[in-house]
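Look at the rings and the helices as you read.

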Amino acid sequence: MPSCSLQFGIHSAYTPPAMIPIRMPFRFKEIWRRHGRRPFALLDVGAGNHSASQFKRWFPSAHYAGIDLDRKYNNDERDFAAMNEFFEMDLTQLRFAAIPDGRYDVILMAHVIEHLKNGDEVVRGLVPKLKPGGIMFIEFPGERSLHLPSMKGTLNFYDDPTHVRLFTAREVADLLHTQGLEIERAGMRRDPMGILLIPVAAVRTWQTFGFVSGGIFWDLFGFADYVVGVKPVESRPTDAAFAVPTESLPASARR
């Protein structure tokens with residue numbers, strides 16, 4: 001039976017990071033390290049809440065394609081103008097034929113899979129949309145979120161009633177690896193800049209919403225985990241036999 005040993009850290013296709021803008025959201029930093037402001041194609045899975053205009057603020061030359069159940073979910077004309085493509089679909093139906101295979105340099109899936117009853121099947125259906133050499137970034141509430149205090153704006157997994165399934169970094173890494181991706185990074189999200197900016201974010205959320213959101217403390221308390229998978233330039237067979245050995249994951253990913 002074939003064996004596999006993964007090395008976490010710098011992948012062979014990884015390029016030296018450019019200076020990351022201070023206020024850049026964590027989910028964009030892995031993309032910036034690879035592409036900076038150069039043109040590339042993104043598939044954003046979960047394109048509501050002004051995601052398109054936020055993305056184009058940092059990556060104005062990129063091609064933005066979004067997927068969501070409703071194009072108008074907390075989006076406005078700025079967001080519509082920022083979209084180069086949009087696929088309005090129910091992800092749980094697993095009907096992805098309208099999305100071209102091998103088209104995207106990046107698939108971004110930030111805080112989506114925990115809302116889906118079949119998030120693992122959705123990931124499997126989207127992997128073929130990556131170009132060889134492309135990356136898939138998935139972020140989600142980790143096991144630690146089960147033990148955090150409840151707070152308005154979500155600090156505990158169950159604060160959000162639309163959360164239907166808890167994933168671990170190990171599960172997501174195994175899932176991507178069995179689909180032919182090499183796991184470059186996996187673990188707990190801890191963004192030092194996000195922690196430093198907590199006072200600023202607290203004031204902003206208070207002024208905007210009338211309360212301090214639990215979301216601003218995610219980096220401080222380790223609410224979320226993330227996994228970065230890379231599609232090899234030369235594909236290999238996808239088989240459960242290639243599952244990621246537990247010992248190859250960093251301790252933070254095995255929590």
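## An aromatic cluster

Phe28, Trp32, Phe40, Phe55, Phe59 and Tyr64 are joined into a cluster by ring pairs. The model behind this picture is predicted.

A pair of aromatic rings is described by the distance of the centres and the angle of the planes. The model holds 14 aromatic pairs. One of them joins Trp32 and Phe59, with 5.9 Å from centre to centre and 55° between the planes, and is tilted. This pair links distant parts of the chain, 27 residues apart. Trp32 belongs to helix H1 (residues 26-35), while Phe59 lies in the loop between helix H2 (51-58) and strand E2 (63-68). Trp32 and Phe59 are both buried.

## A second tilted pair

Phe209 and Phe211 also form a pair. Their ring centres are 5.9 Å apart. Their planes meet at 35°, which lies between the 30 and 60 degree limits, so the pair is tilted.

Are these two residues buried or exposed? Phe209 has a relative accessible area of 54%, over the 50% limit, so Phe209 is exposed. Phe211 has 21% relative accessibility and therefore counts as partly exposed.

## Charges over rings

Two arginines sit over phenylalanine rings. The charged end of Arg27 is 4.4 Å from the centre of the Phe28 ring. The charged end of Arg71 is 4.0 Å from the centre of the Phe80 ring.

## How H1 meets H2

Two packed helices are described by the angle between their axes and the distance between the axes. The axes of H1 and H2 come within 11 Å. They cross at roughly 40°. H1 and H2 are therefore oblique to each other. The crossing of H1 past H2 is right-handed.

Which residues make the contact? H1 supplies Arg27, Phe28, Ile31 and Trp32. H2 supplies Gln54, Phe55 and Trp58. Among these residues, Phe28, Trp32 and Phe55 also belong to the aromatic cluster.

## An enclosed helix

Helix H5 covers residues 169-178. Eight of its ten residues are buried, so H5 is largely enclosed by the rest of the structure. The buried residues are Ala169, Val172, Ala173, Asp174, Leu175, Leu176, His177 and Thr178.

What do the buried residues of H5 pack against? Their partners are helix H4 (119-126), strand E5 (130-141), strand E6 (182-188) and strand E7 (224-230). After H5 comes Gly180, with a positive phi near 95°.

Note on methods. Residues are numbered from 1 along each chain as its sequence is written. This is a predicted model: local features need pLDDT of at least 70, side-chain atom pairs count only at pLDDT 80 or more; totals for chains, interfaces and linings use all residues. Side-chain values use heavy atoms; hydrogens and water are left out. Rings of Phe, Tyr and Trp (its six-membered ring) pair if their centres lie within 6.5 Å; planes under 30 degrees apart count as stacked, over 60 as edge-to-face and the rest as tilted. Helices (H or I, at least four residues) and strands (E, at least two) are DSSP runs, numbered from the N terminus. Buried means under 20% relative accessible area, exposed over 50%, partly exposed in between (1.4 Å probe, protein chains only). A charge sits over a ring if NZ of Lys or CZ of Arg is within 6 Å of the ring centre and within 35 degrees of the ring normal. Contact means heavy atoms within 4.5 Å. Axes are lines fitted to C-alpha atoms, for helices over the stretch in contact, and angles run from 0 to 180 degrees between N-to-C directions. Angles under 35 degrees count as roughly parallel, over 145 as roughly antiparallel, 65 to 115 as roughly perpendicular and the rest as oblique. A crossing is left-handed if the near helix is turned anticlockwise from the far one by less than a right angle, and right-handed if clockwise.
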